[in-house]
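Here is a short briefing for a reader who is new to this structure. Please look at the sequence and the model first, then go through the points below.

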Amino acid sequence: MSLVLGYLLIFFARVSDVTLATIRMLMVVQGRKIQAAIIGFFEVSIYVTALSKVVSSLDNIGNLLAYALGFACGNYIGIIIENRIALGNLAAQIILKGSNENNIELIETLRGNGFGVTVLEGHGKEGSREILHIAINRKDLNKLKDLVYSYDEDAFIIANTISPISGGYFSSIKKK
């Protein structure tokens, strides 16, 4: 029974510290120094606890398996949590293939939903296309995609992570 509890302690400790590591790295990338430092403190405390349990019994294969499985699950859970909190900003570029009249309606709908839209004309292999540039909060990407595809299912959407310097228009889109 105590062996099983030891395996569970190692497993859950690794899940916790690797999940925290994923979130801490997001905070570091976004320049959130205080949050990253606090998370890092707890992450390393948990990590050292799990590692000491494994190192103290290197001949116990169960400890190693619990440690490795906890690491794998921690990565998975960390990514799920990171996707849910969706911090940061994106620059979305949308190349429309629909009709001009439909495009105007889409642009008005996007603006009506709080998105700042800049429209450019592009020329490609298949002729002229309207290109929309939109800076958004990352958590609003699915709402943007749903709106665009409801007007133009053939639209080409590209999104890149950005760190805005100054100016521009960001609106907080309310979830309904």
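**Overall layout**

Read from the N terminus, the elements of the protein chain follow the order α-α-α-β-α-β-β-α-β. That comes to five helices and four strands. The model is predicted.

**Dimensions and surface**

- The protein chain has a radius of gyration of 23 Å, whereas a compact globule of 176 residues would have one near 16 Å.
- Along the principal axes, the C-alpha atoms of the protein chain fill a box of roughly 70 × 35 × 30 Å.
- The protein chain has an accessible surface of about 11100 Å², and 61% of this belongs to carbon and sulfur atoms.
- Of its 176 residues, 34% count as buried.
- Of the contacts between residues at least 6 apart in sequence, 72% join residues at least 24 apart.

**Nonpolar cores**

- The largest nonpolar core has 17 residues, and those touching the most other members are Ile94, Leu110, Phe115, Leu132, Ile134, Leu144 and Val148.
- Two or more residues of this core come from each of β1 (89-95), α4 (100-112), β3 (127-137) and α5 (141-151).
- Another core, of eight residues, lies apart from this one and includes Phe11, Ala13, Val54 and Ala66.
- Beyond its neighbours within four places in sequence, Leu132 is in contact with residues including Ala92, Ile94, Leu106, Leu110 and Val119.

**A nonpolar surface patch**

- Met1, Val4, Leu5, Leu8 and Phe12 make up a nonpolar patch on the surface, and together they have about 550 Å² of accessible area.
- Leu5 belongs to helix α1 (residues 2-29).
- Leu5 counts as exposed because its relative accessible area is 51%, and the cut-off for exposed is over 50%.

Methods
Residues numbered from 1 in each chain as written. Predicted model: local features only at pLDDT ≥ 70, side-chain atom pairs only at ≥ 80, totals over all residues. Heavy atoms only, no water. Core = buried A, V, L, I, M, F, W, Y, C linked by side-chain atoms within 4.5 Å. Buried < 20%, exposed > 50% of the residue type's maximum accessible area, 1.4 Å probe, protein only. Contact = heavy atoms within 4.5 Å. Patch = residues over 30% accessible without salt bridge, like charges linked within 9 Å, V, L, I, M, F, W, Y side chains within 5 Å. Areas by Shrake-Rupley, 256 points an atom, 1.4 Å probe, with all protein chains shown as cover. Salt bridge = Lys/Arg side-chain N within 4 Å of Asp/Glu carboxyl O. Rg over C-alpha atoms; globule rule 2.2 N^0.38 Å.
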